[in-house]
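The structure is shown first, and the discussion follows.

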Amino acid sequence: MKPRILVIDDEAGIRDSMRMILEYEGYDCLLAATGPEGLAMAEREAPDLVFLDIKMPAMDGIEVLERLKARSDAPPVVMISGHATVSTAVEATRKGAFDFIEKPLASDRVLLTVRHAVDQRRLRDENVTLRRAAEARHEMVGDSPALERVRDAIGKAAPTNATVLILGESGVGKELVARAIHRNSLRARERFVQVNCAAIPEELIESELFGHEKGSFTGATEKQVGKFEQADRGTIFLDEVGDMSAKTQAKVLRVLQEGEVERLGSARTIKVDVRVIAATNKNLEEEIEKGHFREDLYFRLAVIPVQVPPLRERPEDIPLLVRHFMDYFSRENNARPKRITPAALEALQRLRWKGNIRELRNTVERLIIMVPGDTIDAPDLGSAARPGAAATSAAAPRPGAEVDQAKSGTLREFKDSAERAYLVAKLRENGWNISKTAEIIDTPRSNLYKKLEQYQISQETDG
Ligand SMILES: Nc1ncnc2c1ncn2[C@@H]1O[C@H](COP(=O)(O)OP(=O)(O)OP(=O)(O)O)[C@@H](O)[C@H]1O
Ligand SMILES: [Mg+2]
């Protein structure tokens, strides 16, 4: 679209020459002879740029500028200045004018200014669009009372600097909650740095979090700035915080207490101003009992605990979520939007959703891709809604003959051997591709890695 430019000047000669210069270059040109007329036109026509004379009868340019800038979506304003008003023009740039040009008007100077202003505005619009898209991706959908309570907690916690501990099963939306808190906090313009404590190998987590100096350990060929330092003035999100080793827990506790970090291999302490949000799907109180988690760290983290309820406790959110994901994946796959029947929605509401919203999301994506017609109906859910036994937790995984029931003395041992056999079977099915298997059985990859280690599963041991 052609950029639209409004010229506000009381001198007819200036208006005419501006129109000639701008229209010759293909811009749309609007003209106003007085301040009030110009303001009305700006309101009506939403120009991309305004040229504004400083000295005008009735209302001078500075006042017009102030009124233009008072609106939320104000266009850039370039002041037109006579010889006598240059100092006023400079003053105007302090009041938000983009630039000024001097009379007599030189056409190349005018055009250069236009290009700068239009480019800058386009860039800003693009940023707004990008930010909106990112926000849409992290939008929290649902209007159940249970989710309203979470929103409420977010609203209360956000403007404070207090540490927040987000609790809830896998896939309930803990990360979304963390981002919402940051977005609504005074730190929203600063960084949100996420660390998945379960995904980083034990021996690397400290240098991830705190950084290291070059040569501080074998392999430290470059200096690294830690996540805490990166998050300075912003927010750090310690995801899966229940999976940190005892040593890391002690160091994190120290950062929380002292507000300073030390890079590995350095004796210097660095002050950081970081807001901490942590999340876990573990029951930390149990972990404390078992001696796996420090109680003092727990109290430091859980200043404001936020519990995110599982999806099965808020089935009234399911229709909204399904529509939201249907829209999203139709757009994503350039597919024609589908309809879903009330019967199918009801059936989805009855499932247990052990993997919570993540599982629902994956299911909707599969349905969008797999169901051939325009309408998703209850019978379509049968095959498409269920990769393995994920959706219906009622149907337990069938690991088959590999579970050696005779050897499984306690319930715990039985469960473990069943889980192990299930994982081996799924990995085999997927050619030992970890990412793919994790996706299909709907567990975070980090969790699958943990399980492999726990059960000592590897392709080699799978004879
Ligand atoms: N209320 C919601 N509205 C829309 N999408 C949601 C909502 N809650 C969660 N999601 C989506 O579900 C998926 C899982 O959410 P998220 O990653 O925040 O869960 P989590 O609790 O951090 O899970 P985990 O413990 O496995 O890390 C994401 O794709 C997220 O965008
Ligand atoms: Mg998460």
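## Packing of two helices

At roughly what angle do the axes of helix 13 and helix 14 cross? In this predicted model, the axes of helix 13, which spans residues 318-332, and helix 14, which spans residues 342-350, come within 10 Å and cross at roughly 115°. Because angles of 65 to 115 degrees count as roughly perpendicular, helix 13 is described as roughly perpendicular to helix 14. The crossing in which helix 13 passes helix 14 is right-handed.

On the side of helix 13, the contact is made by Ile318, Pro319, Val322 and Arg323, which meet Leu345, Leu348 and Gln349 of helix 14. By residue class, this contact comprises five nonpolar residues, one polar residue and one charged residue.

## Backbone features

Most residues other than glycine have a negative phi, and most peptide bonds are trans. Against that background, the peptide bond from Lys103 to Pro104 is cis, with omega near -5°, and Pro104 belongs to the loop that runs between strand 5 (99-102) and helix 5 (107-137).

Two residues have a positive phi without being glycine: Arg233, with a phi of about 75°, and Asn356, with a phi near 55°. Arg233 lies in the loop between helix 9 (227-230) and strand 10 (235-239), whereas Asn356 is part of helix 15, residues 356-370. Asn356 counts as buried because its relative accessibility is 0%, and the cut-off for buried is under 20%.

Methods: Residues are numbered from 1 along each chain as its sequence is written. Chains are lettered from A and ligands numbered from 1 in the order in which they are written. This is a predicted model: local features need pLDDT of at least 70, side-chain atom pairs count only at pLDDT 80 or more; totals for chains, interfaces and linings use all residues. Side-chain values use heavy atoms; hydrogens and water are left out. Axes are lines fitted to C-alpha atoms, for helices over the stretch in contact, and angles run from 0 to 180 degrees between N-to-C directions. Helices (H or I, at least four residues) and strands (E, at least two) are DSSP runs, numbered from the N terminus. Angles under 35 degrees count as roughly parallel, over 145 as roughly antiparallel, 65 to 115 as roughly perpendicular and the rest as oblique. A crossing is left-handed if the near helix is turned anticlockwise from the far one by less than a right angle, and right-handed if clockwise. Contact means heavy atoms within 4.5 Å. Ala, Val, Leu, Ile, Met, Phe, Trp, Tyr, Cys and Pro count as nonpolar, Asp, Glu, Lys and Arg as charged, and the others, Gly among them, as polar. Buried means under 20% relative accessible area, exposed over 50%, partly exposed in between (1.4 Å probe, protein chains only).
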